[in-house]
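Please read these points with the sequence and the structure open. They are numbered so that you can check them in turn.

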Amino acid sequence: MTAVIQGDGAIRRESLYGSSIENTYAGVLSFMRRNYTRDLNGVDVAISGIPLDLATTFRSGARQGPAAVRAASVQLAELKPFPWGFDPFDDLAVIDYGDCWFDGHNPLTIKPSIIEHARTILASDAKMLTFGGDHYVTYPLLIAHAEKYGKPLSLLHFDAHCDTWADDNPDSLNHGTMFYKAVKDGLIDPKTSAQVGIRTWNDDFMGINMLFAPWVHEHGVEAAVGRIKQVIGDNPVYLTFDIDCLDPAFAPGTGTPVPGGLTTAQALAIVRGLGDLNIVGADVVEVAPSYDQSEVTALAAAHIACDILCLLRNRKLAGKL
């Protein structure tokens with residue numbers, strides 16, 4: 001029988017599976033106490049952070065997001081996640097790979113650094129769950145994922161902003177133009193992609209299927225899930241969740257808050273309904289803890305990430321990971 005680890009499982013656990021007994025207020029703060037390691041052998045999902053906020057157009061601070069999401073995950077590691085009722089780590093081999101290193105004083109090297117970080121992980125056949133950082137990080141992640149899984153991918157994008165404003169400079173760092181570039185580069189197929197919770201205007205949404213925030217409020221979670229599945233189908237899909245998809249009442253700790261957004265309950269219910277999707281990669285971005293209140297934003301981000309892991313666990317048991 002395997003001995004139960006009491007404390008600091010992130011650095012003491014030898015197996016990729018199982019959980020440890022931890023004091024929630026102490027210990028090594030990997031995400032949900034997963035092993036801190038760069039050994040990718042046998043790994044199903046590698047969690048990593050990209051602490052970048054040089055691409056922001058308003059308030060900076062998302063560079064501290066990965067650390068905040070890890071810290072907010074301690075209670076999630078204590079009990080079986082709700083409403084799933086299982087420990088995902090009994091079946092899903094998940095590690096915390098640490099953070100992507102880049103030279104923040106040499107901006108033109110940042111994009112290739114993130115691409116190489118992702119390529120290293122994806123070459124092992126592990127899936128990626130990434131914490132931003134600002135939303136620009138999704139663009140180099142999409143480049144690496146399209147190389148791995150073939151392009152174009154479908155995109156499922158939760159946000160207040162469509163991030164498809166025109167930008168034809170390949171070297172610019174801008175967290176509002178990534179999906180304009182992704183469409184132009186052929187990384188994503190707009191016809192089989194959806195954006196959820198949007199409540200800012202663009203004269204050209206580039207053919208992506210829009211589930212505006214008022215539409216979600218009017219039609220509800222079940223209709224939103226049904227529409228997402230109808231649009232994406234069985235296509236390989238990259239899921240990106242900008243925490244400012246949530247209304248500032250539920251996620252004040254973000255760089256570009258917009259009133260009128262989804263509630264945490266709506267967002268969690270939608271994510272939990274996505275089990276049929278072929279998710280090949282995911283990220284949760286734009287947590288900026290310096291503007292947060294009682295960790296409410298980081299807590300929402302941690303719960304969304306945990307639910308994504310539970311979706312992947314179920315797909316593994318179904319032989320579809």
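1. Strand β5 pairs with strand β6 (residues 194-196) in the parallel sense, over three bridges. Strands here are DSSP runs of E with at least two residues, helices are runs of H or I with at least four, and both are numbered from the N terminus. Two strands count as paired if DSSP finds at least two bridges between them. Within this pair, Leu156 has Ala194 of β6 as its bridge partner.

2. This is a predicted model, in which local features need pLDDT of at least 70 and side-chain atom pairs count only at pLDDT 80 or more, while totals for chains, interfaces and linings use all residues. Residues are numbered from 1 along each chain as its sequence is written, and side-chain values use heavy atoms, with hydrogens and water left out.

3. On its other pairing, β5 is joined to β8 by five bridges, and these two strands run parallel. Phe158 has Phe241 as its bridge partner in β8. Strands of a sheet pair through backbone hydrogen bonds, either parallel or antiparallel.

4. Is β5 (residues 154-158) mostly covered or mostly open? It is mostly covered, with five of its five residues buried. Buried means under 20% relative accessible area, exposed means over 50%, and partly exposed lies in between (1.4 Å probe, protein chains only). Ser154, Leu156 and Phe158 point one way from the strand, Leu155 and His157 point the other way, and all are buried.

5. β5, helix α5 (residues 178-184) and β6 make a right-handed β-α-β unit. Right-handed means that, with the strands pointing away from the viewer, the path from the first strand over the helix to the second runs clockwise.

6. The whole sheet is open and has nine strands, in the order β1-β3-β2-β4-β9-β8-β5-β6-β7, with parallel pairing. β1 (35-36) and β7 (209-211) stand at the edges with a single partner strand each, so one side of each has no neighbour in the sheet. β1 is joined to strand β3 (residues 94-99) by two bridges, and Asn35 has Ile95 as its bridge partner in β3.

7. Gln195 is found in β6 and, at 0% relative accessibility, counts as buried. Its side chain makes a polar contact of 2.9 Å with that of His157. A polar contact is a pair of N or O atoms within 3.5 Å; within protein, one must be able to donate a hydrogen and the other to accept it, and residues adjacent in sequence count only if both atoms are side-chain atoms.

8. UniProt, in an unreviewed entry, places the feature "binding site" at His135, Asp159, His161, Asp163, Asp242 and Asp244. These residues span 110 residues in sequence, yet no two of their C-alpha atoms are more than 12.4 Å apart, so they gather at one spot. UniProt positions are given in the numbering used here, feature names are shortened, and annotations may be inferred rather than shown by experiment.

9. His135 lies in the loop between β4 (127-132) and α4 (138-149), and at 0% relative accessibility it counts as buried. The side chains of His135 and Asp163 make a polar contact (3.4 Å).

10. Asp242 lies in strand β8 (residues 236-242) and, at 2% relative accessibility, counts as buried. Leaving out residues up to four places away in sequence, Asp242 touches several residues, including His135, Asp159 and Glu286. Touching, or contact, means heavy atoms within 4.5 Å.
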